[in-house]
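Please open the model in your viewer and keep the sequence panel beside it. The stops below go through the two chains in turn, each with something to select and a description of what is there.

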Amino acid sequence: MTEKPDWRPSASLEMIQARASLLARIRDFFRQAGVLEVETPVCSRFGVTDPTIESLTTRYTGPTAPQGCDLYLQTSPEFPMKRLLAAGSGPIYQICRVFRDGELGRRHHPEFSLLEWYRPGFDHHALMGEVASLINRLTQAPLTVEKLSYHEAFDHYLQIDPHTANLEQLRDCAVGHEVAGAGELIMDSRDAWLDLLLSHLIEPHLGETGMTFLYDYPASQAALAKVRDGKPPVAERFELYLSGMEIANGFHELLDAGEQRRRFLDDNRRRAAEGLPQIPMDETLIDALVSGMPACAGVALGIDRLLMFLTGCNDIRKLLAFDITKA
Amino acid sequence: MASYSTSEFKGGLKIMLDGDPCSIIENEFVKPGKGQAFNRVKIRNLKTGRVLEKTFKSGESVEAADVHETDMQYLYADGEFWYFMDPDTFEQVSADKAAVGESIKWLKEQDLCTVTLWNGAPIIVEPPKFVVLTITDTDPGLKGDTSGSGGKPATLETGAVVRVPLFVQIGEAIKVDTRSAEYVSRAKED
């Protein structure tokens, strides 16, 4: 990144136009659905504690912070949007830039566009329905909708139970299905092995002919979703896949402030164990949950990946006006 | 010992894998939105030429391979080794049959080859993209058809066999593209 970059855009003019048209159609959809467009801060004194997501930081110096204070660039607008919901906003959506350190590849870029929306009164199944309606509004011809629970997907493609298999069984499964180098990987968390199996062996099959929703994740991967009691308990979380690519991630949102605090603390404990920096948890979100957030479902959808799908482009960098090497 | 982290992975990077020097052909970053990140790479084993895939956990470090390419002049062979010389330092190295591999049939004394050295020893020898070699054998009888269509096999001084146009004869020097093993033209007499 030290060389002076070529001044010309990474994306073709057609791609820049396709993005503009996609954004306009998304805004149309939500205007017709009566969902309010909002904007929330990109920079926050609080960060995301999730150990698998790293934030970029910046610094503000001036009135209210004469000595300067570090700010985290959002990795998603989830926390401030939930504070709006708690303040009685009703259904809201946002289209914004989000930032993630260390992520660059054909499907990853350190800054990208997210569409995130929240629906009071919806559960994750109702929201999957609305995601499908939106996607079908944007495609040339309607796509079929397939719904697979996380358990069904692992059972169908790998004949393994993702909720009960132990670490050795998950490793054997990866080795048996010839994930190259799986035998030498050192990972002491079941979730990391589930991620390996999902990303290498299952994902390529998801959304092959239409939309595939994966739902009801292991409770250990609840993130900010509600966990439903049962045998086993599952997180009311879903993801949308199109052409083997993860497009959206949604939750039937966690409302319990105490549980939210425990998850933040637990994330930071895992961060400490992995030698990752501690992140100040968003106390204002916890206060908002204490004050009361309406039961709702929310989803974040990657606009750049959706554009990849709609245009048949296989590299996210080819649809950004300027990718990071040219920024 | 030098090492590379997965965030330094890119095409052409030379790393050690299972004791062999390898070159990264393709590096793909794979990560669930909320989940463990991996680097799935396609690698060429520089000793065997074999291409393999391997998945690393992102953030891991891998030992660097001391591999570099240099232009060296081919000197001679003694039946067991092929000898090359650095034209600047006059330093000589000997390559074994495994390193020379398929390039054998294009090696002509004095020609400048690209030699890949691992810890100073040759592991890959690449001939020049174009070589000029003399035809030692080809069917002389085919005359009449000089249109150039069809062609005939010709054996070159190094033992390589290429298809040449019908009008080219024994004793003539021809220019050959070593990447495709195809005849390019008659070589101009110097």
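Helices and strands in this tour are DSSP runs numbered from the N terminus, where a helix (H or I) has at least four residues and a strand (E) at least two. This is a predicted model, in which local features need pLDDT of at least 70, side-chain atom pairs count only at pLDDT 80 or more, and totals for chains, interfaces and linings use all residues. Residues are numbered from 1 along each chain as its sequence is written, chains are lettered from A and ligands numbered from 1 in the order in which they are written, and side-chain values use heavy atoms, with hydrogens and water left out.

**Chain A as a whole**

Select chain A, which contains nine helices and 12 strands, and whose C-alpha atoms fill a box of roughly 55 × 45 × 45 Å along the principal axes. Its radius of gyration, taken over C-alpha atoms and compared with a globule rule of 2.2 Å times the number of residues to the power 0.38, is 20 Å, which agrees with the value near 20 Å for a compact globule of 327 residues. Of these 327 residues, 51% are buried, where buried means under 20% relative accessible area, exposed over 50%, and partly exposed in between, with a 1.4 Å probe and protein chains only. If contact means heavy atoms within 4.5 Å, then 69% of the contacts in chain A between residues at least 6 apart in sequence join residues at least 24 apart.

**Strand β6 and its partners**

Next select residues 111-120 of chain A, which form strand β6; eight of these 10 residues are buried, so the strand is largely enclosed by the rest of the structure. Two strands are said to pair if DSSP finds at least two bridges between them. Strand β5 (residues 92-99) of chain A runs antiparallel to β6(A) and is joined to it by eight bridges, with Ile95(A) having Leu115(A) as its bridge partner. Strand β12 (residues 296-302) of chain A also pairs with β6(A) in the antiparallel sense, over seven bridges, and here Glu116(A) stands opposite Ala300(A). In a regular strand the side chains alternate between the two faces of the sheet.

**An open sheet of three strands**

Move to the open sheet of chain A in which three strands follow the order β2-β4-β3 with antiparallel pairing. Which strands stand at the edges? They are β2 (43-44) and β3 (57-62) of chain A, each with a single partner strand, so one side of each is left without a neighbour in the sheet. Two bridges join β2(A) to β4 (residues 65-73) of chain A, and Cys43(A) stands opposite Leu73(A). In the loop between β3 and β4 of chain A, select Thr64(A), which is not a glycine but has a positive phi of about 80°, and which counts as exposed at 81% relative accessibility.

Then go to the loop between β9 (227-228) and β10 (234-242) of chain A, where Pro232(A) is found, and look at the peptide bond joining Lys231(A) and Pro232(A), which is cis with omega about -5°.

**Chain B**

Now select chain B, which has one helix and 16 strands and whose C-alpha atoms fill a box of roughly 75 × 40 × 25 Å along the principal axes. A compact globule of 190 residues would have a radius of gyration near 16 Å, but chain B has 22 Å. Buried residues make up 42% of its 190 residues, and among contacts between residues at least 6 apart in sequence, 44% join residues at least 24 apart.

Within chain B, strand β2 (residues 14-17) and strand β3 (residues 20-30) run antiparallel and are joined by four bridges, with Ile15(B) opposite Cys22(B). The two strands form a hairpin with two residues between them, and Asp18(B) in the turn has a positive phi of about 50°.

For the last stop, select Asp137(B) in strand β12 (residues 130-138) of chain B, a partly exposed residue with a relative accessible area of 45%. Leaving aside residues up to four places away in sequence, Asp137(B) touches Ala154(B), Thr155(B) and Ile170(B). Its C-alpha atom is separated by 8.1 Å from that of Gly171(B), which is 34 residues away along the chain.
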